Amino acid sequence: MAERILLLLEAVAGREEPATLAELTAAMGLAKATVHRLANLLVELRYLERTVDGKRYGVGARFAEAAAGALRSTLAWGPRRVVLRDLVAELNETCNITALDGGQLVYLDRVESDWPLQIRLSVGSHVPLHCTASGKLFLAMSSRKIVRDLLSAGELPRHTPKTLVTWKDLEPALARVRTDGFGTDDEEFIEGMTAVAVPVLGRSRAMIATVAVHGPKSRLPLSRALTHIPALRRAAEKLGAMLDLP
């Protein structure tokens, strides 16, 4: 049973959007009743969750927390921290690595610059998707259905006057992110802060995390932050193989 549960979790986590029972049954090669029983057990344990219509299964909060914890643990391994430290030394600004954790971003690691003026978000902090550079990257790479589900309850929380809170405003912004291949935050999450993020791609070229630089706008206007994209991408390339767990 344990093996089947792990295979089911793997089948759900490996998809870009929630799967139907029929899709999971086909992927696992088991009887429909067996997969249904296992899926319901995992829903009760919060490792999986059903979509609003009840017809599909996606990653649950507990599974997302476990995955984020695994990634955080791997960051204790020296090489990943070295990449981030080298990036901060090159850019002279604070840099971070984030991943999805349910419907939010979680800071997996960050290295501070030496500037006295800092905007501090500690490792393990959760931040929104719709108004952060890394969060918009994850949304841009997700299906339109997932983004619409995020907005199904109406307007998203407004954090600053520049926060995009409706689908009408967010959709073209995400389209630009898909075209550009990077995300930006120009005082959308915290007034006076800018950020730029690029994707960290795994072996399958799917996005598994982001690496970003951020700082006070007085020191790091968005125009300057954008000049750091080549360095961010070099770091992301190095981090990709390190974070892509077997």
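Me: How many bridges join β1 to β3?
Reply: β1 and β3 run antiparallel to each other. A strand here is a DSSP run of E with at least two residues, a helix is a run of H or I with at least four, and both are numbered from the N terminus; two strands pair if DSSP finds at least two bridges between them. Within β3, Y57 stands opposite A19. The number of bridges joining β1 to β3 is 2.

Me: Happy with that! What kind of model is this?
Reply: Residues are numbered from 1 along each chain as its sequence is written, and side-chain values use heavy atoms, with hydrogens and water left out. Local features need pLDDT of at least 70, side-chain atom pairs count only at pLDDT 80 or more, totals for chains, interfaces and linings use all residues, and the model is predicted.

Me: Which strands stand at the edges of the sheet?
Reply: The open sheet has 3 strands with antiparallel pairing, in the order β1-β3-β2. Each edge strand has a single partner, so one side of it is left without a neighbour in the sheet. Those edge strands are β1 (19–20) and β2 (48–50).

Me: Which residue in the turn of the β2 and β3 hairpin has a positive phi?
Reply: β2 pairs with β3 (residues 56–59) in the antiparallel sense over 3 bridges; E49 stands opposite G58, and L48 has V59 as its bridge partner. The hairpin leaves 5 residues between the two strands. The turn residue with a positive phi, of about 75°, is G54.

Me: Is K136 buried or exposed?
Reply: K136 lies in α6 (residues 133–140), and a polar atom of its side chain is 2.7 Å from the backbone oxygen of T184. Among the residues K136 touches are L174, V177 and E188. Buried means under 20% relative accessible area, exposed over 50%, and partly exposed in between, for protein chains only with a 1.4 Å probe. At 4% relative accessibility, K136 therefore counts as buried.

How values were computed:
Polar contact = N/O pair within 3.5 Å; in protein donor to acceptor, adjacent residues only side chain to side chain. Contact = heavy atoms within 4.5 Å. Lists of a residue's contacts leave out its neighbours within four places in sequence.
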